[in-house]
There are 2 protein chains.
Amino acid sequence: MKKIEVCLSPELIHLYDSRGKIVIIVDIFRASSTIVAALANGVSSITPFKDLNACKAMQEKGFIIAGERDGKQAKGFDLGNSPLAYLKGIYKGKELAITTTNGTNAIDTIGEEASQVLIGAFINLNATVSYLKNTKEDLLIYCAGWKGKFNLEDSLYAGALADSLDSYYVTECDSTLAFRTLYQTQRKNLKDFISNASHTKRLQNQDIEKDIDFCLSLDLYNAVALVEKGKIIALRNA
Amino acid sequence: MKKIEVCLSPELIHLYDSRGKIVIIVDIFRASSTIVAALANGVSSITPFKDLNACKAMQEKGFIIAGERDGKQAKGFDLGNSPLAYLKGIYKGKELAITTTNGTNAIDTIGEEASQVLIGAFINLNATVSYLKNTKEDLLIYCAGWKGKFNLEDSLYAGALADSLDSYYVTECDSTLAFRTLYQTQRKNLKDFISNASHTKRLQNQDIEKDIDFCLSLDLYNAVALVEKGKIIALRNA
């Protein structure tokens with residue numbers, strides 16, 4: 001049977017072997033939610049960058065550029081890291097280049113050895129679940145965290161995914177056990193529970209309650225976000 | 001008000017500032033349980049070693065030597081890492097030198113900058129809680145994990161401690177929030193829940209069910225384990 005594991009922070013990723021596995025990267029606040037929202041609203045592809053200047057340089061090549069550091073929009077960028085910016089479809093058909101504090105770094109650390117890399121968010125949870133049910137490979141859920149530290153929202157997404165896929169995978173991984181159970185006991189008041197998280201408070205201080213609410217909404221979109229040759233594209237479930 | 005934080009793995013400890021804080025190191029299976037059991041049963045002091053040979057050399061100086069690697073007793077040592085070895089009091093008044101896979105490494109990584117270093121276990125949970133209620137410093141709970149990875153038993157101890165001290169500390173730390181809640185929902189069947197953990201299974205394969213059961217027992221002893229000048233000693237609550 002397929003195996004499932006959860007890595008709780010980029011600082012722990014070297015302890016996991018991603019060879020031949022499907023790796024799903026999650027940064028709920030807000031990179032992975034933004035990526036899924038952008039693709040679901042017609043952005044044609046998203047190229048993630050670790051480096052701010054390399055990302056910025058893509059503007060000359062006709063890309064829309066989105067940049068965030070420490071929760072704020074980076075200077076000189078078209079967009080920050082809000083998923084709401086894409087909802088009106090004004091970037092439909094455009095190519096996006098993006099760099100964020102945690103999420104795009106995590107994408108950068110997963111090499112070619114993974115059999116496939118996905119980007120996961122609560123807003124497309126079921127789409128990802130449906131997709132993964134039909135795969136054969138072991139699964140590694142990779143939480144982007146906050147500057148290397150564990151965070152609540154990414155690990156609870158991992159728990160939600162593990163819970164939804166419970167009959168499709170086995171696990172010997174303690175983080176999977178812990179967060180599947182924590183999700184099961186908190187699923188009915190997930191928004192309230194995560195509102196205590198450090199990152200939620202950080203974002204609340206920046207007056208972006210609407211972003212938080214959006215990122216914690218379940219199943220708004222049916223698109224799966226897939227990394228292919230350095231770009232993230234949408235795969236729509238049949 | 002005092003602050004509380006939880007570090008889930010030695011690979012994350014560099015992200016925490018231990019200056020001026022009380023650091024409590026936890027390695028439930030089995031180093032910290034063994035240390036507490038040994039002290040509570042009359043061992044006069046315990047010197048932790050990272051290096052196997054350095055620990056072994058202490059035999060010539062009259063120390064009892066305990067050594068464990070990968071769950072098994074290391075070759076040439078008097079004892080392995082079972083807390084049960086100390087229960088008959090046959091090492092009363094002796095000095096012990098100990099090296100283990102995870103726990104003694106964690107002790108080694110905490111420098112002099114902490115205001116105090118304790119060793120915590122379920123078997124002396126309440127003793128530690130009582131002690132900490134009367135301290136002024138912030139608290140950092142440091143989980144030893146398993147070879148760098150997160151584990152369930154250490155993090156649930158952290159959750160138990162945070163829960164017991166809830167009205168004495170505030171927290172902005174997501175791992176504290178997560179494991180305090182997980183402990184609250186699992187406290188009534190803690191042994192069953194932890195029996196699914198990877199390390200429990202690893203130990204079960206070695207036929208040491210009695211060790212597991214002992215390490216998950218609450219409040220057997222009233223001694224607090226305190227690191228002082230490189231040695232761990234018992235402090236009995238008044």
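## A walk through chains A and B

Start with the charges of chain A: the mean positions of its 28 positive and 28 negative charges sit 4 Å apart. Lys and Arg count as positive here, Asp and Glu as negative, with His and the chain ends not counted; each charge is placed at NZ of Lys, CZ of Arg, CG of Asp or CD of Glu.

A word on what you have open: this is a predicted model, where local features need pLDDT of at least 70, side-chain atom pairs count only at pLDDT 80 or more, and totals for chains, interfaces and linings use all residues. Residues are numbered from 1 along each chain as its sequence is written, chains are lettered from A in the order in which they are written, and side-chain values use heavy atoms, without hydrogens or water.

**Whole of chain A.** Switch to cartoon and you'll find 9 helices and 11 strands (DSSP runs, H or I of at least four residues for helices and E of at least two for strands, numbered from the N terminus). The C-alpha trace spans about 50 × 35 × 35 Å along its principal axes.

Select A:Lys21 and A:Glu5: their side chains meet at 2.9 Å, N to O. A:Lys21 lies in the loop between β1 (2-7) and β2 (22-26) and A:Glu5 in strand β1, so the pair ties together parts 16 residues apart in sequence. A:Lys21 is buried at 13% relative accessible area, and A:Glu5 is buried at 18%.

Next, pick A:Lys191 and A:Asp213, a salt bridge at 3.0 Å, N to O. A:Lys191 is in helix α7 (residues 190-194) and A:Asp213 in helix α9 (residues 209-215) of chain A. A:Lys191 is partly exposed at 34%, as is A:Asp213 at 41%.

Now hop to chain B and select B:Asp211 with B:Arg30, whose closest N and O atoms are 2.8 Å apart. B:Asp211 lies in helix α9 of chain B and B:Arg30 in the loop between β2 and α1, so this pair links parts 181 residues apart in sequence. B:Asp211 is buried at 3%, and B:Arg30 is buried at 5%.

**Last stop.** Select residues 31-40 of chain B, helix α1: 9 of its 10 residues are buried, among them B:Ile35, B:Val36 and B:Leu39. After α1(B) comes B:Gly42, with a positive phi near 100 degrees.

Terms used
Buried means under 20% relative accessible area, exposed over 50%, partly exposed in between (1.4 Å probe, protein chains only). A salt bridge is a side-chain nitrogen of Lys or Arg within 4 Å of a carboxyl oxygen of Asp or Glu.
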